[in-house]
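User: I'd like to go through the terms used for this model. Can you set each one against its definition?

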Amino acid sequence: MGPLRYNIALVVANILFGASFSVYVSLLDTALGFGELFVMQIVCSAVIFVPIAVCNPRFWRLSLEDFGTIFIVALLVVFGWWYMLLWGASYTNPIDASTLSTVGPAFTLLAAMAVRSQGVERNDVAGVVVALSGAAVLLFDRGSRLFGEGGEGYGNALVVCAVMSIAINTVIIAPVLRRYGTVVVMGWYYIIGAVLALPLVVELLPTIDIAHLTPLERGELVYILLFGTALPMYLLYVGSEHLTAVHTALYRYLQPVVATTLAVVRGQSNIDRANVVGAALIFLGILFVVLSTLAKSSPRHARQRR
């Protein structure tokens, strides 16, 4: 039941993340600024995880080296993933954003090559190139203006930066997760994130007026804070702690399925040629990466390397 539990954790995490794209766009369109939603995510997650983490004896046994690793992870998750994703969601649509999120394993592979000096196979290179080509289709189909205040192309570029951050994070944090456990690691990086974001929290949190939100918007806000941020991040780390990068890569494809369904039903966006071509190229590229990873882990490949 153990491995099944961790697989279920990844499935649920990716379904919740997929639904979040639609809710992000809905809230940012009418109810909140992305900075306001960002500080609420930090405060809510810190309130949930920090008290639990400090009760764990391993929380107080953190080495200076591991603290440095978690500090980098906090920057990547809180500011690279959350902040950039919200910023991008304020410009783009849920279908593009969720499709671009699936290019993450390509960035994970590149990070693993850099951090671990991992050997490069032909399928690795082919997979990364094809997957990034799919991302490029979505980026440039929405307009050539990817830098400076722009439209959907600019928003998609921000989403790609967010995906890159979370992909690098999964490579760096894996050993620390196995030493200290998910709750301890998350407790530390929410403390670090909250301290670093304190100026924004002090500036924006008092200006948020929950009373002016409609019942639907309040429900969406509760979803984002609990089921779109705190819970799926926990489940993602639990799965990543016990399973391989292959599992994480495959389950990521649940996100665009959920996000696309919600976006179409809610009238937020429509599936077009760029979505189909981009998604197909990203899927094909990540398939190359996954097959290459499986091949390298096989006994036959190990014997050939010897």
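**Terms and cut-offs**

Analyst: A search of the whole structure finds 16 aromatic pairs. This is a predicted model, where local features need pLDDT of at least 70, side-chain atom pairs count only at pLDDT 80 or more, and totals for chains, interfaces and linings use all residues. Residues are numbered from 1 along each chain as its sequence is written, and side-chain values use heavy atoms, leaving out hydrogens and water.

User: What makes α7 and α8 oblique to each other?

Analyst: Helix α7 (residues 152-180) and helix α8 (residues 182-196) pack at about 120°, axes 7 Å apart. Angles under 35 degrees are roughly parallel, over 145 roughly antiparallel, 65 to 115 roughly perpendicular and the rest oblique, so this pair is oblique.

User: How do you know that the span of α2 agrees with its 21 residues?

Analyst: The expected span is 1.5 Å times one less than the number of residues. For α2 (residues 34-54) that gives 30 Å, and the end C-alpha atoms are 30 Å apart, so the two agree.

Technical notes
Axes fitted to C-alpha atoms, helices over the stretch in contact; angles between N-to-C directions. Helix = DSSP H or I, 4+ residues; strand = E, 2+ residues; numbered from the N terminus. Phe/Tyr/Trp six-rings, centres within 6.5 Å; stacked < 30°, edge-to-face > 60°.
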